[in-house]
Each structure stands twice: as structure tokens, then as C-alpha cells.
Amino acid sequence: MKKIVIAMLFTIFFGCQNQTFYEEEVNKNDDLLEFLLIETKSFLDEKPTHTHQDINAVLKNQNSQKPFAVIVTCSDSRVSPEILFDQGIGDLFVIRNAGNLISDIDMGSIEYAIEHLDTKLIIVLGHTECGAIKAYLGDKKDDYKKHLSHKIKTIANENEQKKIKKPKDLNSCIIANIMHSKKS
């Protein structure tokens, strides 16, 4: 069965009103992406349904889980996939880290979701005003502590960053980072 891989950029201005989607491979018979887009629209229209967000959802999922999508996203507090996609407990397998980078550890989590939970959809969800990308673009790269410095070096070594026509443009760098993570 084909897995769907999508990269997304949410623009965080006045309630996430703008979205850009970059698609690599979509199985036309699978409506999971369409479902998430409809649910995202309910969030954007300020009419969320808040599905599966109660004690019954906890009890239903206590012995097993079957999330239909893996979301790799930034740790930024403004980017909460369960809220943005109007999903609840057990619906999404979320991997969060600054800059939505995919390390070997993160890839292990993705593989687990695909192989053991039968997850069909993988989304790399980036956002505007990403602090990790801002740190990468900043002038004080050498002032960061060891681990953040490692993230900055990782972003700097992405082939997609090296191909940008305007290398200091924040949004171009964010999109390049998403595209890199999508290829991981």
C-alpha cells in the first residue's frame, strides 16, 4: 500500500489564514489528506468539532492506537497539529522538534508508525517565523549552546538551503527546510 507523503507550510498570521501545500506522492484512492484538509478548514473557519477529545477517547485508545497520519512538526507552541487539523486522541502520531528536522531517532518513530500502527499519511508541517530557521539565519550562530548549534549546522548542510536564490529570505529557508525533511 502506498504511503502518502506531504509537506505543508502553515503561515501563522491572524489565525493561520494562508496555507501552501507541496505534494510529492498522493494515492488518488486515499481520502486521508482530503479529510485533514476539510478538518483544517473547520479550524480556519473557527468552527472546530473537537472530535475524540474526551475521556471516552482515552479509554478507547488505552490498549492500542491506530493513528491515520504521522505529523512531523516544529516544537513551536503556535503549531499544534491536533488543533490545526481538528483531531483528537488516537488520530495523529505527532513527532515534534525545533525546526521539524528528521533525525535517525525521528525516522525510527516514523517507521514504527508505518510498520506497526499501519499509518498511511506522513506530513512534514512547517510554519512561518520558525525560531530554528531564524537561528540558522542569525548573525550569532557561534553563540548558541552545543545542541542548538548542532541543529543550525544541520540546517546549513541541507542541499535545499544551498539552492535558494535568496539565501537570507526567511520564508524561502523555511520552505527549503520542509522540502529537505520531506526527502528524509
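User: How many residues of strand E5 are buried?

Analyst: Seven of the seven. The strand covers residues 121-127, and with every one of them buried, E5 is largely enclosed by the rest of the structure. Keep in mind that this is a predicted model.

User: Which residues sit on each side of E5?

Analyst: One side carries Leu121, Ile123, Leu125 and His127. The other has Ile122, Val124 and Gly126. Both faces are covered.

User: What does strand E3 do with E5, parallel or antiparallel?

Analyst: Parallel. E3 spans residues 69-73, and the two strands share five bridges.

User: Zooming out. How many helices and strands are there in the chain?

Analyst: Eight helices and five strands. In sequence order the pattern reads β-β-α-α-β-α-β-α-β-α-α-α-α.

User: What share of the chain is buried?

Analyst: Buried residues account for 45% of the 184. The chain exposes about 10500 Å². Carbon and sulfur atoms supply 52% of that area.

User: And contacts? What percentage join residues at least 24 apart?

Analyst: That is 66%, taken among contacts between residues at least 6 apart in sequence.

User: Switching to helix H1. How many residues, and what reach?

Analyst: H1 has 13 residues, 32-44. From first C-alpha to last it reaches 18 Å. That is close to the 18 Å expected at 1.5 Å a residue.

User: Which H1 residues are buried?

Analyst: Leu32, Leu33, Leu36, Glu39, Thr40 and Ser42.

User: What is the phi of Glu46, positive or negative?

Analyst: Positive, near 60°. Glu46 follows H1.

User: Salt bridges next. How many does the count come to?

Analyst: Six salt bridges. One of them joins the side chains of Asp45 and Lys41, at 2.6 Å from N to O.

User: Which residue does Glu129 bridge to?

Analyst: Lys134, with the closest N and O atoms 2.6 Å apart. Glu129 has a relative accessible area of 28%, so it counts as partly exposed. Lys134 is at 39% and is also partly exposed.

User: How far apart are the closest N and O atoms for Lys183 and Glu160?

Analyst: 3.4 Å, and the two form a salt bridge. The pair links distant parts of the chain, 23 residues apart. Lys183 is in helix H8 (residues 170-183). Glu160 is in helix H7 (residues 159-162).

User: Why does Glu160 count as buried and Lys183 as exposed?

Analyst: Glu160 has a relative accessible area of 12%, and buried means under 20%. Lys183 has 55%, and exposed means over 50%.

User: Which residues are linked in a network of salt bridges?

Analyst: Lys66, Asp118 and Lys120.

User: Last topic. Which residues make the nonpolar surface patch?

Analyst: Ile55, Val58, Leu59 and Ile89. The patch comes to about 340 Å².

User: Where does Val58 lie?

Analyst: In helix H2, residues 55-60. Val58 has 38% relative accessibility, so it counts as partly exposed.

Note on methods: Residues are numbered from 1 along each chain as its sequence is written. This is a predicted model: local features need pLDDT of at least 70, side-chain atom pairs count only at pLDDT 80 or more; totals for chains, interfaces and linings use all residues. Side-chain values use heavy atoms; hydrogens and water are left out. Patches are made of residues with over 30% relative accessible area and no salt bridge: like charges are joined within 9 Å, nonpolar side chains (Val, Leu, Ile, Met, Phe, Trp, Tyr) within 5 Å. Accessible areas come from the Shrake-Rupley method with a 1.4 Å probe; for residues, only the protein chains shown count as cover. A salt bridge is a side-chain nitrogen of Lys or Arg within 4 Å of a carboxyl oxygen of Asp or Glu. Helices (H or I, at least four residues) and strands (E, at least two) are DSSP runs, numbered from the N terminus. Buried means under 20% relative accessible area, exposed over 50%, partly exposed in between (1.4 Å probe, protein chains only). The expected span of a helix is 1.5 Å times one less than its number of residues. Two strands pair if DSSP finds at least two bridges between them. Contact means heavy atoms within 4.5 Å.
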